Amino acid sequence: MYINDFSFPDMLYGVILGSTIPRGTIQEILLPELPSQIKVLTAKEIPGLREFTVREQKIPLLAYSEIRYEGEPILLLYGPDEYECRNFAEKIVIRYESDYIIETLEQPGEHQIAARRVINYGDPDTVFSGSFQEIEGTYTIHPKDISTGDAQGALVLPRSDSKLQVISSTLWPAHVRNTVALTLGIPKKDVSVESSAILSPSWKKLWFPSHLAALASLITFHTNRPAKIILSPRDEQTFGPGRSKVIIHHRTALDKEGGAIAYDVDIRIDGGAYPAFGKELLDRTCAAALGAYRGENVLISGKLIRTTTPPKEAGNGMGLAETLFALETQVTRIAELCQQSPVQWKKQNFQKKGDVLPTGGFLRERPPVEELIDMVSAVSDFSRKHASYELLRKRRPSLRYERKLLKGIGLSICYQGNGFLGKRDNELPVTMQARLDTEGKLSLTTPLVVSKTAAGWKNLAGSILEIDPSTIELYSGETTGIPEAGPSILSRNITIGSSLVEKCCEAIRQRRFRDPLPLEIKRTFRIPRNTHWREEDFTGNPFLSRSWAATVVEVFMDPILLDVKVRGVWMIVEAGKILDRNWAVETLEEGIYFALQSCGAKEWIPFANPMIQFADSSQNKTKGLGDLPFIGVPSAYVCAVSQAAGYYFDSIPITPALMHRYMEEL
Amino acid sequence: MRISFHLNGRHVSINTIPERRLADILREDYGLVGTHPGCYKGTCGFCTVLMDGNPIYSCLLPAFAVREKTITTIEGFLPTREAQEILKGFQEAGCLLPEYVLASVLFPVNSLLETTDIPDEEDIEEIIRYCHWGPSRSMAFREGIIIAAKFRNRRKRRGKRK
């Protein structure tokens with residue numbers, strides 16, 4: 001059942017009232033006469049900690065005095081009728097004292113910088129001064145809110161044993177449990193968490209459900225009645241975390257042949273008022289700033305900036321989508337200015353096995369870049385189309401007199417870095433428990449929240465133990481009787497979860513005919529100590545594993561309406577061993593749809609079927625692939641639209657307003 | 001304001017404010033939680049119901065507009081032969097529909113199959129545009145509609161022979 005579908009007798013509904021100013025202090029709260037059935041809670045009524053923690057960042061449950069962003073929750077109203085609560089909330093007046101300057105990403109003050117990261121390798125300054133040519137570009141990734149459809153919310157039930165039962169639409173049940181326990185000041189064992197059904201695992205379901213669950217449990221704590229908070233789509237826009245706006249400036253030094261000899265990348269990330277997961281986001285963005293390209297002289301500087309916008313979610317790819325969008329758009333532009341095909345330029349400048357990464361580590365696996373580019377070029381007919389569309393664009397006298405469809409095609413190559421950076425997965429280790437009972441029935445228990453991966457895991461376990469996958473039981477999102485785990489993001493279900501299923505089942509296979517049943521095996525995933533990443537000085541190979549994709553997007557554009565239609569999307573993926581091909585294709589198709597939505601202003605861009613193929617992989621381990629469309633599609637789309645329009649677009653989403661402005665400039 | 005209408009074959013009457021949305025009435029007053037108002041602005045389609053046989057977004061429909069109308073929700077539609085044919089079509093095509101998206105897929109597909117025996121690419125594209133669920137862009141989804149149409153035609157032919 002989805003969170004909004006639960007209903008219990010005697011239930012109370014919670015409504016959040018947020019601030020109407022972005023920065024200031026609360027001076028006075030004027031409550032009209034309260035109807036008997038409606039009650040109001042403030043930060044003073046929180047019995048435990050008034051702030052909850054997301055990784056290293058503390059976020060207030062309800063603002064006590066200081067306001068740091070517009071929409072910050074101040075009051076929690078509750079009553080038996082949600083409509084009455086909402087109507088009453090509109091009558092409440094909050095007076096503020098505000099003489100602050102709005103803090104933005106574009107012109108940050110020194111005090112706004114929450115974290116910095118600098119990677120300096122080789123001698124970029126000298127190379128730039130002696131370079132043949134320099135190419136610069138500033139790329140902006142504006143956050144675009146995409147609704148996944150299912151509501152955000154939490155439901156809390158008081159239990160007869162004086163414990164609390166929390167139902168939440170979360171991908172991180174352990175965090176919900178900790179947040180509820182700490183803010184109510186009760187032991188963790190008195191809180192049990194159940195994950196509701198989730199339509200699409202979105203980043204919005206990472207830490208924000210913990211905030212809602214803590215607020216709902218506050219109502220239950222004071223009333224001992226079931227309490228539910230469901231955010232309306234409008235509420236979600238006001239209180240819910242948004243994605244970070246990112247501005248990336250690229251400067252590339254080229255030699256006479258057009259090869260890149262030095263890179264200078266400046267990254268600015270909007271961390272919002274409370275940059276949750278901000279340091280991880282900044283580090284990943286910087287570590288992947290050169291993507292799959294060779295860089296011998298590199299300067300990458302990144303800043304995480306506090307602003308007066310709501311706290312941020314990290315977003316798909318956790319920094320890689322933004323940084324690789326900027327990079328791929330920049331290199332396509334370089335190829336064009338050097339009069340080369342993007343395929344040719346990219347092939348010449350890719351990393352090879354043994355090359356040194358900007359973070360100082362060596363590339364231990366050969367990136368399958370050339371094969372992927374060749375495959376995607378062949379299936380999409382990229383080289384011919386690109387050359388022909390380029391010719392059409394150059395021969396076109398003026399867009400004003402053009403009546404035929406404008407055509408463009410773009411190619412990008414990207415990778416997805418699986419797991420948290422370096423050894424940070426060890427801070428949130430994942431445990432899996434497998435039990436083979438006396439009747440030969442296998443059950444798997446994990447704290448990870450598993451939805452679509454379930455079938456793949458069952459097939460994997462079934463094939464190892466030679467049992468029918470449909471008889472295997474899977475208990476996911478467990479918070480009792482099993483150690484806590486981190487969130488089910490960054491393809492941890494696939495990379496870490498699958499590896500644990502394999503290890504547990506292998507152990508059972510070896511013991512099942514030697515030891516008496518039932519057999520119980522527990523395995524915990526830990527990054528090996530000899531991993532090639534040094535957190536202290538940010539050097540080495542940062543990612544647990546990389547999955548690769550080459551993407552081509554072809555667009556047609558109406559020259560009068562400037563309406564863009566995606567004609568085709570081709571994607572070739574290398575993600576190790578694929579556990580369930582149908583699931584993998586469905587995940588990628590869904591990702592392509594959402595990624596295209598995030599690129600265009602329209603709610604829905606009609607496009608022909610995406611064509612997805614998997615490259616043969618020499619590796620036997622499973623790797624994540626869910627974020628690949630979000631990383632690869634945007635730059636391919638923007639390059640395609642740029643070719644069709646004959647103008648460089650350097651931000652996403654490409655809104656009709658933006659397109660009109662560019663066309664007027666033409 | 002008292003409003004009476006036909007809901008899933010029953011005549012019902014409710015006392016409510018006239019501007020209340022039908023989606024909320026169905027979920028809160030009748031427990032029909034298969035209607036999911038995902039966006040409240042007529043975009044996602046997850047709250048689709050049939051009003052007098054035509055699919056509409058119940059999140060945009062005020063209570064006064066349903067007076068004496070016939071409303072069929074996904075709960076009322078699922079047991080019908082038409083719904084089962086469509087579900088079977090998608091199942092055979094290997095496209096598993098989550099419960100959340102059933103209303104946004106089944107009602108428009110049913111409307112299409114009522115007017116068209118053999119849906120063409122354009123018809124299917126219309127359905128896909130209506131449905132805001134990622135995997136609806138897949139080949140399996142398209143095949144699901146075509147297979148459902150075959151089941152529907154087979155039944156129609158059998159009915160004519162009898």
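Into which domains is chain B divided? Chain B splits into domain 1 (2-73) and domain 2 (81-157), with the bounds coming from an automatic or database domain assignment. Before going further, a word on what you're looking at. This is a predicted model, where local features need pLDDT of at least 70, side-chain atom pairs count only at pLDDT 80 or more, and totals for chains, interfaces and linings use all residues. Residues are numbered from 1 along each chain as its sequence is written, while chains are lettered from A and ligands numbered from 1 in the order in which they are written.

How confident was the predictor? The model scores ipTM 0.79 and pTM 0.86. For chain B the average pLDDT is 89, and 99% of the residues score at least 70; pLDDT is the predictor's confidence in each residue, on a scale from 0 to 100. Within chain B, helix H5 (residues 121-130) has the lowest confidence, with a mean of 82, and strand E5 (residues 70-72) has the highest, at 96. Those labels come from DSSP runs: helices are H or I with at least four residues, strands are E with at least two, and both are numbered from the N terminus.

Back to the two domains of chain B. Their centres, taken over C-alpha atoms, are 23 Å apart. Where they meet, 12 residues of domain 1 of chain B are in contact with 11 residues of domain 2 of chain B; contact here means that the C-beta atoms of two residues, placed from the backbone, lie within 7 Å. On the domain 1 side, E3(B) gives the most, with three residues. That side divides into six nonpolar, six polar and no charged residues. In this scheme Ala, Val, Leu, Ile, Met, Phe, Trp, Tyr, Cys and Pro are nonpolar, Asp, Glu, Lys and Arg are charged, and the others, Gly among them, are polar.

Now have a look at H1(B). Its buried residues include B:Leu22, B:Ala23, B:Ile25, B:Leu26 and B:Arg27. A residue is buried if 20 or more other C-beta atoms lie within 10 Å of its own, exposed if 12 or fewer, and partly exposed in between, with C-beta atoms placed from the backbone. The buried residues of H1(B) pack against strand E2 (10-15) of chain B. You'll find B:Tyr40 in the loop between helix H1 (22-30) and strand E3 (48-51) of chain B. Is B:Tyr40 buried, exposed or partly exposed? With 18 other C-beta atoms within 10 Å, B:Tyr40 is partly exposed.

How many residues does each chain bring to the contact between A and B? Chain B brings 18 residues and chain A brings 20. The chain B side consists of nine nonpolar, six polar and three charged residues.

Over in chain A, four strands form an open sheet in the order E20-E27-E28-E29, with mixed pairing. Two strands count as paired if DSSP finds at least two bridges between them. Strand E20 (406-418) and strand E29 (610-614) of chain A are at the edges with a single partner strand each, so one side of each has no neighbour in the sheet. E20(A) runs antiparallel to strand E27 (residues 545-557) of chain A, and the two pair over 13 bridges. One of the bridge pairs joins A:Leu406 to A:Met557 in E27(A).

A cis peptide bond, with omega about 0 degrees, joins A:Leu517 and A:Pro518, and A:Pro518 sits in the loop between helix H12 (492-511) and strand E24 (519-524) of chain A. Another cis bond runs from A:Ile652 to A:Pro653, with omega near -5 degrees. A:Pro653 is in the loop between strand E30 (651-652) and helix H15 (656-665) of chain A. A:Phe277, which is not a glycine, has a positive phi near 60 degrees. Its place is the loop between strand E17 (260-272) and helix H6 (278-287) of chain A, and A:Phe277 counts as buried because it has 28 C-beta neighbours inside 10 Å.

A:Glu84 is partly exposed, with 16 C-beta neighbours inside 10 Å. Setting aside neighbours within four places in sequence, A:Glu84 is in contact with A:Pro35, A:Ile38 and A:Gly79.
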